[in-house]
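This briefing is meant for a reader meeting the structure for the first time. Please look over the sequence and the model shown below before turning to the points that follow.

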Amino acid sequence: QGLLWHVVWMSSRSHTMHNTSNEEVVSECSSLSEGARLHAEIPASRWCVTRADLRDLRRRVRQAVREGTVKPTDRDEFDTSDMSIGPNLHTVVSQYIKPNTAGSGASWALSRHPGGLPCDLFVTHAWAEGLYEFVDKVLASWPLGARHAWICTLS
């Protein structure tokens, strides 16, 4: 089973991400939810997670699978007893991340770190790959010295 995943090491001197006009957005969001406010105030380049966050997400999703709150669908017929691939990222977002962040409206990354974290690693993925395998591969290839990763699924 070929899975697409890619990790890019970002040097803080040679590559940064920018979120323009944050001040304009913040001034217009006084009636927005806390999550929307965080997303307006914190630059997108800081919507990051740590290695510990990824390990915790894998553990929590595995628990949700055991409890039946994350379950196979017609589009993702994952094996609930499998510990190596897991539910795909579409399933994880719709059945775990969105329900668990709906109260605040914040992304999973900002719900964990409301002030954001400086990004020094960018991770992209295939939406059809399993969460357990994705997390395991990212953690195994995490560059020495990198502390925080930006992952679209979690940002």
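Which residues in α6 are buried? In this predicted model, the buried residues of α6 are L131, Y132, E133, F134, V135, V138 and L139, and they pack against α3, α4 (89-101), β2 (121-125) and β3. The points below begin with the overall layout and then turn to particular elements and to S155.

**Overall layout**

- The secondary structure of the protein consists of six helices and three strands, and, read from the N terminus, the elements follow the order β-α-α-α-α-α-β-α-β.
- Of the 155 residues in the protein, 46% are buried.
- When contacts between residues at least 6 apart in sequence are considered, 78% of them join residues that are at least 24 apart.

**The pairing of α3 and α6**

- Helix α3, which covers residues 51-67, packs with helix α6, which covers residues 131-141, at an angle of about 160°, and their axes are 10 Å apart.
- Because angles over 145 degrees count as roughly antiparallel, α3 is described as roughly antiparallel to α6.
- The crossing of these two helices, α3 and α6, is left-handed.
- On the α3 side, the residues that meet α6 are R51, L54, R55, L57, R58, V61, R62 and V65, while on the α6 side their partners are L131, Y132, V135, D136, V138 and L139.
- Sorted by class, the contact of α3 with α6 contains nine nonpolar and five charged residues, with no polar ones.

**Helix α2 and its N-terminal end**

- Helix α2 spans residues 34-41, and its buried residues are G35, L38, H39 and A40.
- The N-terminal end of α2 is capped by S33, a side-chain oxygen of which lies 3.1 Å from the backbone nitrogen of A36.

- S155 is found in the segment after β3, the strand at 149-151.
- S155 has a relative accessibility of 14%, and it counts as buried because that value is under 20%.
- A polar atom of the S155 side chain lies 3.0 Å from the backbone oxygen of I151.
- Leaving aside residues up to four places away in sequence, S155 touches H39, W47, S107, A109 and W150; one of these, H39, is also among the buried residues of α2.

Methods: Residues numbered from 1 in each chain as written. Predicted model: local features only at pLDDT ≥ 70, side-chain atom pairs only at ≥ 80, totals over all residues. Heavy atoms only, no water. Axes fitted to C-alpha atoms, helices over the stretch in contact; angles between N-to-C directions. Helix = DSSP H or I, 4+ residues; strand = E, 2+ residues; numbered from the N terminus. Parallel < 35°, antiparallel > 145°, perpendicular 65-115°, else oblique. Left-handed = near helix turned anticlockwise from the far one by under 90°. Contact = heavy atoms within 4.5 Å. Nonpolar A, V, L, I, M, F, W, Y, C, P; charged D, E, K, R; others polar. Buried < 20%, exposed > 50% of the residue type's maximum accessible area, 1.4 Å probe, protein only. Polar contact = N/O pair within 3.5 Å; in protein donor to acceptor, adjacent residues only side chain to side chain.
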